[in-house]
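Visitor: Hi, I've just opened this one up and could use a quick tour. Can you help me find my way around?

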Amino acid sequence: MDILAHTLWVGAAAALASRHRALSRATVVGALGLAALPDLLHLVPILVWWLAGDGSLAALRAYAVALPGQEPGMPAWVQFWSHHLHCTMHSAPVAGLVGVVLWFVRRGLVMALLGWVSHIVIDVFTHSADYFPVAVLYPFTDRGFDGIAWTSPWFMALNYGSLAALWTWLAMTRGGFGRR
C-alpha cells in the first residue's frame, strides 16, 4: 500500500481508538510516523548516494515509483542497504523484538508502535509476488506472501473509497477526532 493510505488508515484507527481511550498527541504522531517510516527509511541510502556521490534526485524519484525490475541503476552498496532496510522495516520479528524491548524500557511507546505493525500487516496482503512481496519473516527468509498488488486500479479505488467513507463517517459522528 502507498504511504498516504498507510497514514490515513492509522489516523482513522487513532480517531476511533481516541473515542474509547485517551491518546496523547505524541502517541498519535508517533503511530502516524511509524506507519510511513517503513516506506521511507529504505530511501535513505539513495538519498545519501545523491547528496554525497554520483546519484541524482531523478534517480531517487525513479526508484520511489519504480516497478519491479525497472529500478534505476545504482551502486551495489546503495542497492544492498536499501534492500535490507526495506526488509528490516517490513519484518514482523524485528517489529516484535522492538515491541518487547519497548515494553520493558518505555511502555508508553508500545501504542505508537501499532502504526508500524499495521504497516507490516497491511503490506503483507497488499503486495503481490510480482510487486515487491513483503519479506515479513526477514531475516529468517526473504520470501514474501503473494497478496493483491495495491497498484491495481480496482484496489486503489476500493482502498481510497473505503478511506473516504470512513473519514466521512468519523467527521459526521461524535464530532470527529477525540470527542466523546
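Visitor: Leaving aside its neighbours within four places in sequence, which residues is His6 in contact with?
Guide: This is a predicted model, so take what follows as a reading of predicted coordinates. Beyond the neighbours within four places in sequence, His6 is in contact with Met1, Ala35, Asp39, His119, Ile122 and Asp123.

Visitor: And where is the place of His6?
Guide: You'll find His6 in helix H1, which covers residues 3-18.

Visitor: Is His6 buried or exposed?
Guide: His6 has a relative accessible area of 1%. Buried means under 20%, so His6 counts as buried.

Visitor: What polar contacts does the side chain of His6 make?
Guide: There's one of 2.8 Å to the side chain of Asp123. Another, at 3.5 Å, goes to the side chain of His119.

Visitor: Switching topic: how much space lies in the largest pocket?
Guide: About 700 Å³. Its lining is made up of 28 residues.

Visitor: Which of those lie nearest the centre of the largest pocket?
Guide: Those are His42, Tyr63, Ala64, His86 and Phe132.

Visitor: Which helices each supply at least two residues of that lining?
Guide: Look at helix H2 (25-41), helix H4 (57-64) and helix H5 (76-89). H5 gives the largest share, with five residues.

Visitor: What's the lining of the largest pocket like by class?
Guide: It has 16 nonpolar residues, seven polar ones and five charged ones.

Visitor: OK, and how much space lies in the second largest pocket?
Guide: That one holds about 150 Å³. The elements giving two or more residues to its lining are H1, H2 and helix H7 (110-125).

Visitor: Which residues line the second largest pocket?
Guide: Val10, Ala13, Ala14 and Ala17 are among them, and so are Leu23, Thr27, Val28 and Ala31. The lining also includes Met111, Leu114, Gly115 and Ser118.

Visitor: Let's jump to Val44. Which helix is it found in?
Guide: Val44 belongs to helix H3, residues 44-52. Val44 is partly exposed, at 39% relative accessible area.

Visitor: How far apart in space are Val44 and Val78?
Guide: Their C-alpha atoms are 9.1 Å apart, while in sequence the two sit 34 residues from each other.

Visitor: Someone mentioned a cis bond. Which peptide bond is cis?
Guide: The one from Tyr138 to Pro139, with omega near 10°. Most peptide bonds are trans. Pro139 lies in the loop between H7 and H8.

Visitor: Which elements have the lowest and highest mean pLDDT?
Guide: H4 has the lowest, at 84, and helix H8 (residues 153-172) has the highest, at 96.

Note on methods
Residues numbered from 1 in each chain as written. Predicted model: local features only at pLDDT ≥ 70, side-chain atom pairs only at ≥ 80, totals over all residues. Heavy atoms only, no water. Helix = DSSP H or I, 4+ residues; strand = E, 2+ residues; numbered from the N terminus. Buried < 20%, exposed > 50% of the residue type's maximum accessible area, 1.4 Å probe, protein only. Polar contact = N/O pair within 3.5 Å; in protein donor to acceptor, adjacent residues only side chain to side chain. Contact = heavy atoms within 4.5 Å. 1 Å grid on protein atoms, 1.4 Å probe; cavity = no way out; pocket = protein on both sides within 12 Å on 5 of 7 lines; lining within 4 Å. Points joined across faces, edges and corners; volume = space filled by probe spheres on them. Nonpolar A, V, L, I, M, F, W, Y, C, P; charged D, E, K, R; others polar. pLDDT = per-residue confidence, 0-100.
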